[in-house]
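Open the model in your viewer and keep the sequence panel beside it. The stops below are given in the order in which to select them.

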Amino acid sequence: MSSSDYDHRTSFLGDWGAFQKTVFFLLCSSIIPNGFTGLSIVFIGDTPPHHCHIPVGVNISAEWKNVSIPIEANGRASECSRYKLDVLKSYSDRGLVPWVDVNISAIEQERCEDGWEYDRETYVSTIVTEWDLVCSDDWKAPLTSSIFFCGVLIGSFISGQLSDRYGRKIVLFLTMGVQTIFTLIQVFSPSWVAFCSLFFVVGMGQISNYVAAFVLGMEILSLPVRIIYSTVGVCIFFSIGYMILPLVAYFIRDWRMLLLALTLPGFLYIPLWWIVPESPRWLLSQGHVDEAEAILRDAARRNGIKAPEEIFPPSQPRDKAGTMQPHNLCDLVRSSNIRTITILLCLVWMTLSIGYFALSLNTSNLYGNPYLNCFFSAAVEVPAYIISWLMFRYLPRRLCLFFTLFLGGLVLLFIHLLPQHMNYVAISLEMLGKFGVTTAFSIIYAFTAELYPTVLRNTAMGACSMASRIGSISAPYFIYFGGYYRALPYILMGTLSVLSGLLSLLLPESLDMPLPETISHMQTITGCKMRRSSYSLTTARPEEEHMSNPKDGLGVEISKL
């Protein structure tokens with residue numbers, strides 16, 4: 001069944017009835033936990049100011065205890081060393097006065113043999129303070145985030161193919177359950193290794209349910225609503241979850257209690273299983289016509305509309321899913337055209353993921369209040385998503401992507417030119433860079449969904465998400481390198497964003513083009529020219545016919561609202 005035929009036969013439902021509103025808001029609400037779960041590491045993994053612990057049992061005078069921590073060149077107390085306590089005790093016992101009788105800087109130093117003392121003004125506890133992930137073990141802090149994103153990488157790899165084969169709904173709720181249950185278990189982690197192991201599993205469910213919800217909404221909702229859903233709906237609800245995070249973290253400053261508070265809302269989504277339907281388009285592509293009709297008739301009942309006696313013609317193939325040609329990741333690189341599109345999109349997704357997560361994770365390192373910085377970083381995403389919707393409505397997709405990537409990258413490159421005392425200007429530029437990267441991230445989701453055909457759409461979304469996870473895995477280390485050279489993260493992120501913006505001009509344009517049903521219907525790479533090819537939904541090139549699913553009925557036009 002062709003795309004336009006499917007739209008015609010389901011047009012009796014309308015565009016914005018009770019059914020569509022329910023699906024829209026419930027699927028969007030399922031994204032909220034992703035906002036605070038994925039970025040909770042900003043607070044539960046932050047490193048507060050610290051210095052070597054001086055045991056109470058060490059019998060030295062107060063004046064010698066006050067100078068026991070070396071002062072570094074930047075004027076701050078050393079975080080990883082102290083003066084040798086036996087030497088200080090010897091001087092104290094002899095009644096010598098520091099800086100009068102003894103040159104303190106000449107005293108030999110030693111490591112923090114007795115642990116550390118942490119500043120408790122901002123946090124009661126974090127995983128860093130609980131397991132001393134500082135100094136020689138400071139590499140474990142960024143590795144914790146990277147392990148989470150490794151889980152997301154594996155989840156993206158698995159969930160995309162499972163969703164195309166077994167359905168969007170079951171993968172959505174399965175990955176939501178994995179995220180919620182394992183986050184709850186994570187609260188009781190006895191060690192850093194156990195925490196990271198559970199964090200890996202949480203990552204497997206986190207972005208996977210985001211992609212599943214995104215595709216499910218794209219396939220259920222009708223033409224006039226789909227762009228709003230894909231560029232504004234799910235993204236703003238993600239931002240709502242992101243904005244909730246610093247508000248909750250401000251009042252709950254113990255990492256275990258914070259994680260528990262962020263986990264419990266996940267159980268509220270259990271009833272959605274009986275409300276959110278499977279994608280009728282996916283069911284049709286698998287030959288389950290009776291199930292698709294049942295969902296559409298129930299939707300008509302909810303909208304107060306009488307469904308026609310016959311929705312799909314009797315000639316529509318039924319219950320022949322077993323004879324359908326299966327598709328997998330190999331189809332994304334089988335022909336030169338789809339291979340080039342896939343490589344370009346993966347590079348852009350990777351860069352966007354580095355920029356987005358590095359800037360998000362960096363909020364606790366910015367000047368000022370970390371809770372306000374995190375909230376501003378989340379709030380700037382709301383206008384970014386609105387702008388992305390307006391751009392997606394009126395402008396060519398690849399020009400939108402180029403402009404936002406180029407803007408974000410250029411602004412980030414400017415930051416390293418600022419003097420160190422211009423902290424608020426640097427924060428403003430970083431938020432502007434976050435605005436550009438977020439806008440591009442919103443556009444790339446919908447743009448990718450438009451470029452790939454029905455039979456591969458969720459697999460392609462999973463593959464691109466998988467590529468972006470490679471970027472997010474490395475993102476924590478972009479921030480980590482900032483400890484050696486403050487401007488290095490901004491130089492790297494800015495350069496990658498500008499280059500990716502230029503590469504995005506090579507992608508085909510999808511504005512006003514129908515969603516392709518099969519691989520043969522995909523747009524062709526045309527370089528930087530604004531030429532767009534057209535195709536007939538009922539024809540396919542013979543050389544790619546073996547990869548096409550002629551019975552699929554999910555091709556739908558996306559046009560301006």
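Select T144 first: this residue is buried, with a relative accessible area of 0% (buried means under 20%, exposed over 50%, partly exposed in between, with a 1.4 Å probe and protein chains only). T144 is found in helix 8, residues 140-166 (helices are DSSP runs of H or I of at least four residues, numbered from the N terminus). Show the side chain of T144: one of its polar atoms lies 2.7 Å from the backbone oxygen of K140. Beyond its neighbours within four places in sequence, T144 is in contact with I41, I127, W192, F195, C196 and F199 (contact means heavy atoms within 4.5 Å).

This is a predicted model, in which local features need pLDDT of at least 70 and side-chain atom pairs count only at pLDDT 80 or more, while totals for chains, interfaces and linings use all residues. Residues are numbered from 1 along each chain as its sequence is written, and side-chain values use heavy atoms, leaving out hydrogens and water.

Next, select helix 16 (residues 370-379) and helix 19 (residues 423-451), which pack at an angle of about 35° with their axes 9 Å apart (axes are lines fitted to C-alpha atoms over the stretch in contact, and angles run from 0 to 180 degrees between N-to-C directions). From helix 16, N373, F376 and S377 meet I427, M431 and K434 of helix 19.

Finally, colour by pLDDT, the predictor's confidence in each residue from 0 to 100. The protein chain has a mean pLDDT of 80, and 86% of its residues reach 70 or more. Over residues 319-323 the pLDDT is below 50. Where pLDDT is low, the predicted coordinates should not be read in detail.

Definitions and conventions:
Helices (H or I, at least four residues) and strands (E, at least two) are DSSP runs, numbered from the N terminus. A polar contact is a pair of N or O atoms within 3.5 Å; within protein, one must be able to donate a hydrogen and the other to accept it, and residues adjacent in sequence count only if both atoms are side-chain atoms.
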